[in-house]
Amino acid sequence: MHVLVYSATWCRDCREAKRFLDKHQISYSEIDIESTPGAAEELIRHVGKRAIPQFVVDGKWIQPYRPGRGFLYEEMGELFGVGGATTSLHPR
């Protein structure tokens, strides 16, 4: 599985997405949209807006968070096959 993470250093949701991947020992490559020429434009071409973080898993673009809801622990846990992935501070 090849995972790319489109992110930026100032993005809190991006840091949470990378923490999730690191916690579950999922290797990834990171593309910082602020320092990588053309990365922001590539993001807009695929997503239609400058919304980060974005995962690209084996060529498929996936938004691992929802505005107002945060990182999608359960959905990303299922995607990556890491059950019990919920670490959110939100009560169930």
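**Sheet, helices and salt bridges in a predicted model**

Let me begin inside the sheet, where strand β1 (residues 3-7) and strand β3 (residues 54-57) run antiparallel and are joined by four bridges; helices (H or I, at least four residues) and strands (E, at least two) are DSSP runs, numbered from the N terminus, and two strands pair if DSSP finds at least two bridges between them. This is a predicted model, in which local features need pLDDT of at least 70 and side-chain atom pairs count only at pLDDT 80 or more, while totals for chains, interfaces and linings use all residues. Residues are numbered from 1 along each chain as its sequence is written, and side-chain values use heavy atoms, with hydrogens and water left out.

In what order do the four strands of the open sheet lie? The order is β2-β1-β3-β4, and the pairing is mixed. At the edges are β2 (29-32) and β4 (60-62), each of which pairs on one side only, and from one strand to the next the twist averages 25°. Helix α2 (residues 39-47) packs on this sheet and touches β1, β2, β3 and β4, where contact means heavy atoms within 4.5 Å; the direction of α2 makes about 90° with that of β4. For such angles, axes are lines fitted to C-alpha atoms, for helices over the stretch in contact, and the angles run from 0 to 180 degrees between N-to-C directions. Helix α3 (residues 73-80), in turn, lies across β1, β3 and β4, running at about 15° to β3.

I turn now to the side chains. Taking a salt bridge as a side-chain nitrogen of Lys or Arg within 4 Å of a carboxyl oxygen of Asp or Glu, the count comes to five. One of them joins Lys18 to Glu30, with the closest N and O atoms 2.7 Å apart; because Lys18 lies in helix α1 (residues 12-23) and Glu30 in strand β2, the pair ties together parts that are twelve residues apart in sequence. Are these two partners buried or exposed? With buried meaning under 20% relative accessible area, exposed over 50%, and partly exposed in between (1.4 Å probe, protein chains only), Lys18 is buried at 14%, whereas Glu30 is partly exposed at 39%.

Another salt bridge brings together the side chains of Glu34 and Arg50, at 2.5 Å from N to O. This pair links distant parts of the chain, since Glu34 sits in the loop between β2 and α2 and Arg50 in the loop between α2 and β3, 16 residues apart. Glu34 is partly exposed at 45% relative accessible area, and Arg50 is also partly exposed, at 46%. Glu75 and Arg69 form a salt bridge as well, their closest N and O atoms being 3.1 Å apart; Glu75 is partly exposed at 32%, and Arg69 is partly exposed at 48%.

Finally, there is Gly81, which is found in the segment after α3 and counts as exposed at 63% relative accessibility. Although Gly81 and His24 are 57 residues apart along the chain, their C-alpha atoms are separated by 9.7 Å.
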